[in-house]
Amino acid sequence: MVRKKVVLMPGTEHSLEKMGAQIKRARLRRNISVELLAERAGISKGTLSAIERGVPTVSVGAYAAVLFALGMDKDLELIALDEDGKKQYKVQNLQPRKRAAKHNKHPFTPHSSS
């Protein structure tokens with residue numbers, strides 16, 4: 001079977017490589033082997049390796065299966081989101097940070113002079 005050559009702009013190639021590297025880092029952070037993640041995603045080890053390298057001929061479905069297996073499938077909702085949708089997504093997902101209460105370990109106590 002002859003493999004199709006996908007022609008992409010350099011920026012798009014870079015984006016795919018970056019996404020593949022991020023998926024690999026997510027796998028490594030979770031201490032999941034290539035074998036286990038491929039099995040969970042229902043794809044071959046070779047396809048997972050291609051995803052982690054950002055190979056452009058891998059199907060979107062394979063990417064989705066890997067993201068699901070990593071618990072990152074919510075990230076798929078961000079693909080091709082229009083500007084209004086991005087703003088709405090950010091607003092829904094931005095929560096104000098809660099500051100930790102300040103604790104004075106050594107509160108100032110005035111000394112009385114006797």
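At what angle do helix 1 and helix 4 pack, and how far apart are their axes? Hi everyone, let's start there. Helix 1, residues 10-29, packs against helix 4, residues 60-69, at an angle of about 30°, and their axes are 11 Å apart. Here axes are lines fitted to C-alpha atoms, for helices over the stretch in contact, and angles run from 0 to 180 degrees between N-to-C directions.

A quick note on the model. It is a predicted one, where local features need pLDDT of at least 70 and side-chain atom pairs count only at pLDDT 80 or more, while totals for chains, interfaces and linings use all residues. Residues are numbered from 1 along each chain as its sequence is written, and side-chain values use heavy atoms, with hydrogens and water left out.

Back to our pair: helix 1 and helix 4 are therefore roughly parallel to each other, a label for angles under 35 degrees. The contact is made by Leu16, Met19 and Ile23 on helix 1, and by Tyr63, Val66 and Leu67 on helix 4; contact means heavy atoms within 4.5 Å. By class, that is 6 nonpolar residues, no polar and no charged ones, with Ala, Val, Leu, Ile, Met, Phe, Trp, Tyr, Cys and Pro counting as nonpolar, Asp, Glu, Lys and Arg as charged, and the others, Gly among them, as polar.

Zooming out, the chain has 5 helices and 0 strands. These are DSSP runs numbered from the N terminus, helices being H or I with at least four residues and strands E with at least two. Of the 114 residues, 22% count as buried, meaning under 20% relative accessible area with a 1.4 Å probe, protein chains only.

Now the core. A nonpolar core is a set of buried Ala, Val, Leu, Ile, Met, Phe, Trp, Tyr and Cys residues joined through side-chain atoms within 4.5 Å. The largest one has 20 residues, and Ile23, Leu37, Ile43, Ile51, Val58, Val66 and Leu70 touch the most other members. Helix 4 gives this core its largest share, 5 residues.

Leaving out residues up to four places away in sequence, Ile23 touches Ile51, Tyr63, Val66, Leu67 and Leu70. And where does Ile43 sit? Ile43 is in the loop between helix 2 (34-41) and helix 3 (45-53), and is buried, with a relative accessible area of 18%. With the neighbours up to four places away again set aside, Ile43 touches Ala38, Leu48, Ile51, Ala62 and Val66.

How values were computed: Angles under 35 degrees count as roughly parallel, over 145 as roughly antiparallel, 65 to 115 as roughly perpendicular and the rest as oblique. Buried means under 20% relative accessible area, exposed over 50%, partly exposed in between (1.4 Å probe, protein chains only).
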